[in-house]
Amino acid sequence: MKTLQGDIKKRLLQGETIKFDNDVDCIKNQHDDYRGGEIYYTSTNSFFHPSYVDGFKIWFNGKLIHSSKTFAPANKKLMILFEKWSLKFEE
């Protein structure tokens, strides 16, 4: 998996929050090392908000672990997480 599936970037830019977890792997391998998170895009388009507020955000296990202005770094970080923790997008 080199990039996110199909229209993920488009969905994020439209304001959707996309969740992911390793629930399938936990059930398949009978372990309880559950991991989960979400990715979303924020854009305030406001003069009064600092520029770092805008961009792609990845929350994982209750922490903000990544924030970037562009999609490429967010995609790279997400692919590392997916590979390491056997994550899948929630349906």
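Rings of Phe, Tyr and Trp (its six-membered ring) pair if their centres lie within 6.5 Å; planes under 30 degrees apart count as stacked, over 60 as edge-to-face and the rest as tilted. The structure holds 6 aromatic pairs. This is a predicted model, where local features need pLDDT of at least 70 and side-chain atom pairs count only at pLDDT 80 or more, while totals for chains, interfaces and linings use all residues. Residues are numbered from 1 along each chain as its sequence is written, and side-chain values use heavy atoms, leaving out hydrogens and water.

Start with Phe20 and Phe82. Their pair is tilted, with 5.5 Å centre to centre and 50° between the planes. Phe20 lies in strand S1 (residues 18-21) and Phe82 in helix H3 (residues 71-85), so the pair ties together parts that are 62 residues apart in sequence. Helices (H or I, at least four residues) and strands (E, at least two) are DSSP runs, numbered from the N terminus.

Buried means under 20% relative accessible area, exposed over 50%, partly exposed in between (1.4 Å probe, protein chains only).

Now turn to Tyr41 and Phe56. They form a tilted pair, 4.8 Å centre to centre, with 50° between the planes. Tyr41 belongs to strand S2 (residues 36-42) and Phe56 to strand S3 (residues 55-60), so this pair ties together parts 15 residues apart in sequence. Tyr41 is partly exposed, at 24%, whereas Phe56 is buried, at 2%.

Finally, ring pairs link Phe20, Phe60, Phe82, Trp85 and Phe89 into a cluster.
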